Amino acid sequence: MANSLSIKDRIEQGEVVLLCIAALTFPFSVAACNIALGTCLIIGLLNGDYIAGLRHVWQHHRSLSIAWMAYLALFPIGLLWSLDVDRGLQIIGRQWFWLLTPLVIQLLGSTDRRRLFFLALSAGLSLHLVFCVAQFYGLVTLIGKGGSTATNPTGFIGHTSFGLVYGIWAAFLVHWSLFLNGWQRWTTRLLALWAVGMIFLSSGRGGYLVVAVLLLVMLWKLVRVRPLLKLGAASLAILAMAALLTIGPGKERIISSWNSFQAMEKGNFRNPEARWSLWYAAILGWQQHMPLGVGTGGYHVAADVIKEQHPDLFYGGLGSSPAHPHNMLLQALTRWGPLGMLLLAALFFLWIREGWRCDWHSGPASGLIALTGIALFVQGLTEPSFEEHFPGILAVMLLGAGLAARQATTVPSD
């Protein structure tokens, strides 16, 4: 028995190493990250760790589990009325990483393992920031990486996901620094400041909003003062953010968004940004296929039809057959009707509630559940959020780490 337990422990340690390799390579290589996570998942299924994680999730986080299962079930069910079943199958195939959540919870149950994982992830993201600085100065060049250029240095992650990834990481680093001392505390905070600075150097305006919202959340949850003082601090933070946008590199991008909104109000879809047309196409797509919508994978078909009906719509660089409407809620509405949008909203509500009720002063991982859920929801207002590789993989790992941190200190929450 002793030998059996020893072998099992070694195998589990190997899984943790694979998880750390995935975290380290996450910002640089989709293939390397996926191989490490896929291998980890296969081993976890074979040795029983995955089943143990499933039991824990069902016992301690039942409401969240039910919401997840209901939402994910919409993907295959939506094929029944999909306008493009082949595209729908591709979308379903890209959701595989959500299977990892129970395994991550099982593997990161100890404080030492979580610390090792956080160090690996932080090392990878720090090295990626170095790469982004080199990109900014023209020392390296990337082609075809989601709008990542010298003037928009977002490395391999691309500008649509950069703000989300580094916004969550920066918030976590600030939280982590509260449990450190001396040079470790200040090094961690400087890394967070560096990450935020790089976010505002990029062109992803959704990232600005993510940073602002997470900053307010951190003030509210971690500063132990009276509510009125918290409101005052939050007001100062908002003013500081507004000043930064006014004088910083984000000024022109904010002005562009405002001008686009004004043009859209006047019915001019040619000058505004493509998102307004994509959102409009999403709403019309559902209206033309009420009540169930266009099904999983059917948005691009509906968007092409609507573009023929309304030639003034502007899809920007996406051209014809856009894959998504750059809004998670509207995407769910178009695919599966009001039920899909309500299920997605319920999922986010339960996700954020799960993390909001944690004692954020108990450890650095205690805020990860809520921070990740809030950031994904905010980014999901202008992007496909966790259906993309980088936000999705990060969400799986951090949600799992956050839920793992609760298992030793809490009773079942549902």
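Biologist: How much space lies in the second largest pocket?

Modeller: The model is predicted, so local features need pLDDT of at least 70 and side-chain atom pairs pLDDT 80 or more, while totals for chains, interfaces and linings use all residues. Residues are numbered from 1 along each chain as its sequence is written, and side-chain values use heavy atoms, without hydrogens and water. A pocket is an open set of points on a 1 Å grid over the protein atoms alone, where a 1.4 Å probe fits, with protein on both sides within 12 Å along at least five of seven lines. Volume being the space filled by probe spheres set on the points, the second largest pocket holds about 640 Å³.

Biologist: Which helix supplies the largest share of the lining of the second largest pocket?

Modeller: Lining residues have an atom within 4 Å of a point, and helices are DSSP runs (H or I, at least four residues) numbered from the N terminus. Helices supplying at least two lining residues each include α8 (159-177) and α9 (182-201). The largest share, eight residues, comes from α7.

Biologist: Is α8 largely enclosed or open?

Modeller: α8 reaches 27 Å from its first C-alpha to its last. Buried means under 20% relative accessible area (1.4 Å probe, protein chains only). Because 16 of its 19 residues are buried, α8 is largely enclosed.

Biologist: How many disulfides does a search of the whole structure find?

Modeller: C33 is buried at a relative accessible area of 0%, and C358 is buried at 11%. A disulfide is a pair of cysteine sulfur atoms within 2.5 Å. The number found in the whole structure is zero.

How values were computed:
Expected span 1.5 Å × (residues − 1). Buried < 20%, exposed > 50% of the residue type's maximum accessible area, 1.4 Å probe, protein only.
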